[in-house]
Amino acid sequence: GKLIDWKLQVAVTACKEEFIWTRRNDPFSPDFFPRYGHTSVTIGKSIFLIGGYAGRKKSPQDSMLRYDYDDDVWIRLQSNSQNLRRSTSAGRASSLTPWGVVTFGGMNVDNDGSIQEDGVWRYNVIDGVWSSVDVLNANNIPSQFEAEKRPMPRYLGASAFLDLKDKSRALITDGAAFGSTIIIQFGGDSETHFLRDMWSLTLNGMKTDKMAAEQHDNFCEWRTKGNALNQWLSSCGHRQLNETSNDDPSENAMCSWEDVIMMAWCAREYQSFVFPT
């Protein structure tokens, strides 16, 4: 046969935006109380939920759970977030960056009351050490805010890590020139009033991207295979043994928040979060 003629008809309809809520499974554990002031860190399709306060008595919670999106299940982890409270101030606005966790502000609570902070700290994932960062005062303050050379003490602010060089490209592989990486800080609670000021913190003098990438690869390569991976799978990556998710986590290895931060950093899943109150 011979094709003499043909026609192609295309029906085009406008896309309709549709946002849909879906109820997911609630945490199953009877000792996992409703709470606030907790924090979460994501790795892949899993969310690690840490700390917080429960009830009117504001009882501190030391539990850690992991929610796996694909399976729609919560996993109890053998953990204790007390180390998290000891190592950092509550409510610190934090960003996980190629150079570790950079935090600002927070609130120290002791027997004498609470103290708001205005310092910048960095957590070195490789060494597992917190260190204070010297920060220069701002030099472009408008006249009406002349007294403000840096953000005032606060907690529960919001932060975001930005690559101004090319936001469409991977931060660590394609790189960012000095002065083109910043952390945005907005608002928070000064304990006397709420804040709405906006600041940017420029990360000058950090290691070049090539050096940072080499350090990252050397540190992380062996942690994603062999015995190190098995250790992760028996602790933070523990899978429940049954559909009801009632298996006892006490038989598993301890999962610390440092382990979660380290794995998120190794996966280059840079994100912002607030340390639990």
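Modeller: Start with a definition. A nonpolar core is a set of buried Ala, Val, Leu, Ile, Met, Phe, Trp, Tyr and Cys residues joined through side-chain atoms within 4.5 Å. Keep in mind that this is a predicted model.

Biologist: How many residues has the largest nonpolar core, and which have the most contacts inside it?

Modeller: The largest core has 28 residues. Phe-48, Val-101, Val-260 and Ile-261 have the most contacts within it. Strands E2, E3 and E7 each give two or more residues, and so do helices H3 and H5. H5 supplies the largest share, eight residues.

Biologist: What does Val-260 touch, leaving out residues up to four places away in sequence?

Modeller: Its partners include Val-41, Phe-48, Met-64 and Trp-232. There is also a second, separate core of nine residues, with Trp-99 and Leu-201 among them.

Biologist: Why is Arg-35 called buried?

Modeller: Buried means under 20% relative accessible area. Arg-35 has 14%, so Arg-35 counts as buried. This residue lies in strand E1. Beyond four places in sequence, Arg-35 touches Leu-49, Gly-51, Tyr-53, Ala-54, Gln-61 and Ser-63.

Biologist: What makes Ile-126 partly exposed?

Modeller: The label covers values between the buried limit of 20% and the exposed limit of 50%. Ile-126 has 32%, so Ile-126 is partly exposed. Ile-126 sits in the loop between strands E12 and E13.

Biologist: Which residues does Ile-126 contact, apart from neighbours within four places in sequence?

Modeller: Ile-126 is in contact with Gln-215, Phe-219 and Trp-265.

Notes:
Residues numbered from 1 in each chain as written. Predicted model: local features only at pLDDT ≥ 70, side-chain atom pairs only at ≥ 80, totals over all residues. Heavy atoms only, no water. Buried < 20%, exposed > 50% of the residue type's maximum accessible area, 1.4 Å probe, protein only. Helix = DSSP H or I, 4+ residues; strand = E, 2+ residues; numbered from the N terminus. Contact = heavy atoms within 4.5 Å.
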